[in-house]
Amino acid sequence: MFRRIWVEEGMTPRGDILVRALQIPHYQDLESKGSADPNNNAATSDEIPRLQRFRRVHPTSCPCVEEWAT
Amino acid sequence: MSRSTVTTQAAQGELRHLRELAAAGAPLDSGLRPIFEGHQPFYLSDDPQLAEVFSELGLPSAFLGDAPDPMPEALVVFASDFLELPSYAPTLAKMRHSRLFWMPIAAFGGSFEEGLYALRLLLTSDFVKMTGRNRDILSLFASTSGPYVFTSHGHQLTFDLSEDVPIATRTRVALSPGESTSLGFYTEVGMSMAVPDLSMPYTANGEFVAERVLFARQRQSPPELDWLFARGEAALEQVKAELLPLTMTIKDSRLDPSCLRELQEIFYWTTNASYEWRLAELAFGTNVGIADSVDWSYNSQFNEGIGGMHIALGDGRTGFHIDFICPGGQLEAPGSGSISGFEIA
């Protein structure tokens, strides 16, 4: 693995930043199944568990988090 | 929308475009349906004029203050005025069961014309293709060691990435119930400097040619900085008129400000002097399909999402966030055989 990518895709209902870890073996597995095809979103949605990981990536002092925190 | 209330030429032009789209036959917002898994989105805005336009175009909609209770399953919210917008937390609480797509017009100016322009590009963008391109770029970064090279105008910007990289982008088109996101997550693959420790997940060196500039100001920026933003906005107009295209030299992820000539001092202060010219953002626009529709007279987030690369100074909260944009160009990982091009004219 060259690096670990933390993909922020949006926010959860609580205002937490939605993050998914993208790691090569997982992603290559998806690609080998053809589900990384940009036009095959349904298959990708099935295989990547939704709202899988939540993590605040901003420090607690970040005004962004303060504003969004519930 | 009463035509008499639309006074500017720009607004009239945008409305004409939108009416033509509405008259074309196909459902006006069919391109957005994959985001909402087929659900018809409901449109809200804190700008009553914009809410009237939604209604005239036949889109299910309301003024934000008159939003239905409970909220619809699929929501597109145009936020145009920080002063009028309710607090995020209670707003999000009301929308917690919805699939929520934010259009942050306010951060980029917030005028009625900019709202119309954003609506037109929203309705004509291909979000499925954008998401695929986002994945392509992530795949390049995940599967190669770098460094990476962005080439345009005969200049190269080389950058490397840390082992752990936070990247803001959408890899999935569809929003789940209760999930919210905003336009920029679809239109770009973005990496940012962390605040307050000023760490950057990238190390960039080389030269970058900016053909365009945009600015953004976040809601969290204090009103006490109004005067600073006003001066910065005037300086940006000077950049557009006198300095573009701007060849920028980057060393250790900081801008050599000499390219800004006599505007160095104003940009030093308006982008937060304590950042000392650090690149606050390094990003790739993936909304390749809008190239022919972009109007650079608008300060719109859609414009930075055009296929290509942009780098930025400032965080938008403690000062301006200024995007320097290079449409087109080529991103590659030399020696790995992986290349992601931006095929725009």
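Trainee: Where is Arg261(B) placed in chain B?

Mentor: Arg261(B) sits in the loop between β13 (254–255) and α8 (264–270) of chain B. Helices (H or I, at least four residues) and strands (E, at least two) are DSSP runs, numbered from the N terminus. This is a predicted model, so local features need pLDDT of at least 70 and side-chain atom pairs count only at pLDDT 80 or more, while totals for chains, interfaces and linings use all residues. Residues are numbered from 1 along each chain as its sequence is written, and chains are lettered from A and ligands numbered from 1 in the order in which they are written.

Trainee: What about the phi of Arg261(B)?

Mentor: Arg261(B) is not a glycine, yet its phi is positive, about 50°.

Trainee: Is Arg261(B) buried or exposed?

Mentor: Exposed, because Arg261(B) has 12 other C-beta atoms within 10 Å. A residue is buried if 20 or more other C-beta atoms lie within 10 Å of its own, exposed if 12 or fewer, and partly exposed in between, with C-beta atoms placed from the backbone.

Trainee: And Asn272(B), buried or exposed?

Mentor: Asn272(B) counts as buried, because it has 22 C-beta neighbours inside 10 Å. Asn272(B) also has a positive phi, about 80°, without being a glycine. Its loop runs between α8 and β14 (281–285) of chain B.

Trainee: Switching topic. Which peptide bond is cis at Pro70(B)?

Mentor: The one joining Asp69(B) and Pro70(B), with omega about 5°. Pro70(B) belongs to the loop between β2 (61–63) and β3 (74–78) of chain B. The bond from Val195(B) to Pro196(B) is cis too, with omega near 15°, and Pro196(B) lies in the loop between β9 (188–192) and β10 (202–210).

Trainee: Now helices. How many residues does α1 of chain B have?

Mentor: Helix α1(B), residues 9–23, has 15 residues and reaches 21 Å from its first C-alpha to its last, close to the expected 21 Å. The expected span is 1.5 Å times one less than the number of residues.

Trainee: Which residues of α1(B) are buried?

Mentor: Ala11(B), Glu14(B), Leu15(B) and Leu18(B). Seen down the axis, the buried residues fall within an arc of 100°, so they line one face of α1(B). That arc is taken over the directions from the helix axis to the C-beta atoms.

Trainee: What is on the face of α1(B) turned away from its buried side?

Mentor: The exposed residues Gln9(B), Arg16(B), Glu20(B) and Ala23(B).

Trainee: How many residues of α5(B) are buried?

Mentor: Twelve of its 17, so α5(B) is mostly covered by the buried criterion. Among them are Phe127(B), Met130(B), Arg133(B) and Leu138(B).

Trainee: Which residues touch the most other members of the largest nonpolar core?

Mentor: Leu75(B), Val77(B), Met103(B) and Leu279(B), in a core of 98 residues. This core draws at least three residues from each of domain 1 (3–124) and domain 2 (130–165 + 192–341) of chain B, with bounds from an automatic or database domain assignment. A nonpolar core is a set of buried Ala, Val, Leu, Ile, Met, Phe, Trp, Tyr and Cys residues joined through C-beta atoms within 7 Å.

Trainee: And what about the chain as a whole?

Mentor: Chain B has nine helices and 18 strands. Buried residues make up 49% of its 345 residues.
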